[in-house]
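Here is a short tour of one structure, taken a region at a time. Please keep the sequence and the 3D view at hand as you read.

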Amino acid sequence: MPYKDLGEFITRLDQSGALTRISDPIRADLEITAVSDRVMKSPGGGKALLFENVIRPGETEPCGIPVLVNMYGSRTRMAWALAVEDIEEIPERIRSFIKPEIPSGIIDTLKRLPQIVELTKFPPKIVSSGSCQDVVVDNPDLTELPVCKCWPKDGGAFFTLPQIITKNLNDGNRNVGMYRMQVYDRTTTGMHWHIHHGGSGQFQDYIEAGKRMEVAVALGGDPALGYSASAPLPDGIDEYLFAGFLRKKPVDLVKCKTVDLHVPANAEIVLEGYVDPEERRIEGPFGDHTGFYSLEDEYPVFHVEAITHRENPIYPHTIVGKPPMEDFYMGWATERIFLPLIQMVLPEILDYSLPVEGIFHNYVFVRIKKRYPGHAFKVMNAIWGLGQLMFSKFIVIVDEWVDVQNSSEVMWVLGNHCEPERDTLMVKGPRDALDHSAPLAHYGSKMGFDATKKWPEEGHTRPWPDRIIMGDEVLARVKGFIDKMNTE
Ligand SMILES: Cc1cc2nc3c(=O)[nH]c(=O)nc-3n(C[C@H](O)[C@H](O)[C@H](O)COP(=O)(O)O)c2cc1C
């Protein structure tokens with residue numbers, strides 16, 4: 001079942017013993033990170049944390065707005081956030097749409113009809129009122145929210161789980177992206193949308209037209225909404241339509257009070273305002289999901305003109321840093337959910353993984369069914385042309401027997417199967433905005449490793465050795481020994 005709002009999800013976490021409530025007063029400034037970082041790094045991701053008494057910078061008493069951290073931070077909670085028990089249910093559902101089995105007769109066809117209709121069944125629904133507007137603040141003050149400063153050298157306090165809602169100037173299409181926002185003062189923040197991402201793409205049109213861009217920022221709501229804002233959907237696909245698909249129920253949207261945008265009716269807090277096409281300000285540094293501080297840079301500025309919120313809102317927050325952190329589980333959900341879509345264009349991909357050490361874009365391990373000479377190079381080139389996978393810095397392609405979910409196995413095969421000069425490919429192209437090793441921001445080189453078995457047609461005329469595997473018949477013969485040792 002989808003969740004009506006964040007509160008319903010918290011209730012589920014509470015009832016399942018997946019949430020720790022912390023009532024002792026704690027500071028938004030660094031202390032929440034110090035506690036949460038330890039929890040997030042515990043095996044399996046630790047529990048979700050609800051800090052009930054948070055002290056804002058410069059104050060001595062708790063502010064009355066609880067801070068929720070690590071709600072997505074385990075495989076189980078990530079699945080629950082998307083209204084399933086096992087994340088694999090989602091790619092399975094996607095597979096059933098994109099690869100429908102041919103119906104065997106009229107009854108079968110009728111049975112499959114709801115499946116096909118389901119794709120378009122959950123567009124966002126405009127409603128006339130929403131609890132996110134229970135309280136309307138015309139004279140906004142961001143310092144009244146428990147926005148946290150995460151790491152010692154951060155340039156300030158940052159919103160870290162916002163859904164940033166904007167509209168395409170030309171066709172009105174909505175984009176919802178998750179971009180951190182540094183609080184500068186009571187009414188302004190940074191707008192850290194990377195040049196490659198949807199919000200920045202839409203902003204470009206406003207710059208060219210010399211027009212202010214209206215922006216709304218939603219915090220909270222069904223956790224499927226925040227996840228969808230982070231998902232690498234192609235431009236033009238509404239993240240709230242995708243959220244409706246995930247939760248099998250439309251997202252209720254309500255019109256903002258001061259801008260011509262719609263926000264989730266059941267969000268906790270909404271900021272309304274605009275970004276000026278001319279204005280830039282230094283943003284950062286910020287302790288980032290690379291595990292290093294991202295460098296200061298100039299970014300647009302968001303002016304907040306109104307804040308609306310529920311009565312007693314909860315403030316959702318995450319902390320990024322040296323992996324694993326909560327965002328690893330969000331990236332893992334994306335890895336699993338997008339596999340069937342990647343396979344639509346690259347059916348030879350049997351599986352892939354974005355290992356935790358690679359912070360999504362640094363390492364991509366791909367398992368293929370190799371059919372022709374150079375097949376691994378074809379797959380790398382295709383991946384570098386596929387949406388946000390274009391940032392993949394090191395791609396390793398392996399044969400179908402290698403378990404790409406096991407990084408140690410991939411490293412073993414890479415070392416054994418790869419002849420550096422022959423089996424690597426270097427290309428140039430866009431690089432992730434956070435990659436501090438790129439000599440120029442956003443641009444640099446990427447490398448692919450063909451770690452598949454080499455064929456004579458690829459110039460490898462020497463024999464290729466077999467893997468060492470014990471025979472099943474011998475294993476069956478010694479089973480008694482092994483069982484006995486296991487029980488001793
Ligand atoms: C916790 C978290 C924080 C993120 N922060 C940023 C950010 O500050 N800037 C950015 O451009 N992308 C950030 N991202 C990544 C984008 O949300 C993600 O790439 C998304 O697909 C962008 O969508 P868009 O292309 O529709 O803008 C963040 C993701 C997560 C999970």
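Strand 25 and strand 27 (residues 443-450) run parallel and are joined by 4 bridges. Strands and helices are DSSP runs numbered from the N terminus, with at least two residues (E) for a strand and at least four (H or I) for a helix. In this pair, F394 stands opposite M447 of strand 27.

Before going further, a word on the model: it is predicted, so local features need pLDDT of at least 70 and side-chain atom pairs count only at pLDDT 80 or more, while totals for chains, interfaces and linings use all residues. Residues are numbered from 1 along each chain as its sequence is written, and side-chain values use heavy atoms, with hydrogens and water left out.

Two strands count as paired if DSSP finds at least two bridges between them.

**A lysine in a loop**

K393 lies in the loop between helix 10 (375-383) and strand 25 (394-398). Is K393 buried or exposed? K393 is buried, at a relative accessible area of 12%; buried means under 20%, exposed over 50% and partly exposed in between, with a 1.4 Å probe and protein chains only.

Neighbours up to four places away in sequence are left aside.

| Residue | In contact with |
|---|---|
| K393 | H361, N362, R431, D435, S437, K446, M447 |
| I22 | L49, L50, F51, E52, N53 |

From I22 to L350 there are 328 residues in sequence and 43 Å in space, C-alpha to C-alpha.

**Two helices**

Helix 7 (residues 223-230) and helix 8 (residues 239-247) have axes that come within 9 Å and cross at roughly 130°. That angle makes helix 7 oblique to helix 8: under 35 degrees counts as roughly parallel, over 145 as roughly antiparallel, 65 to 115 as roughly perpendicular, and the rest as oblique. Axes are lines fitted to C-alpha atoms over the stretch in contact, and angles run from 0 to 180 degrees between N-to-C directions.

Helix 7 contributes A224, L225, Y227, S228 and A229 to the contact, and helix 8 contributes E239, Y240, F242, A243 and L246.

Key. Contact means heavy atoms within 4.5 Å.
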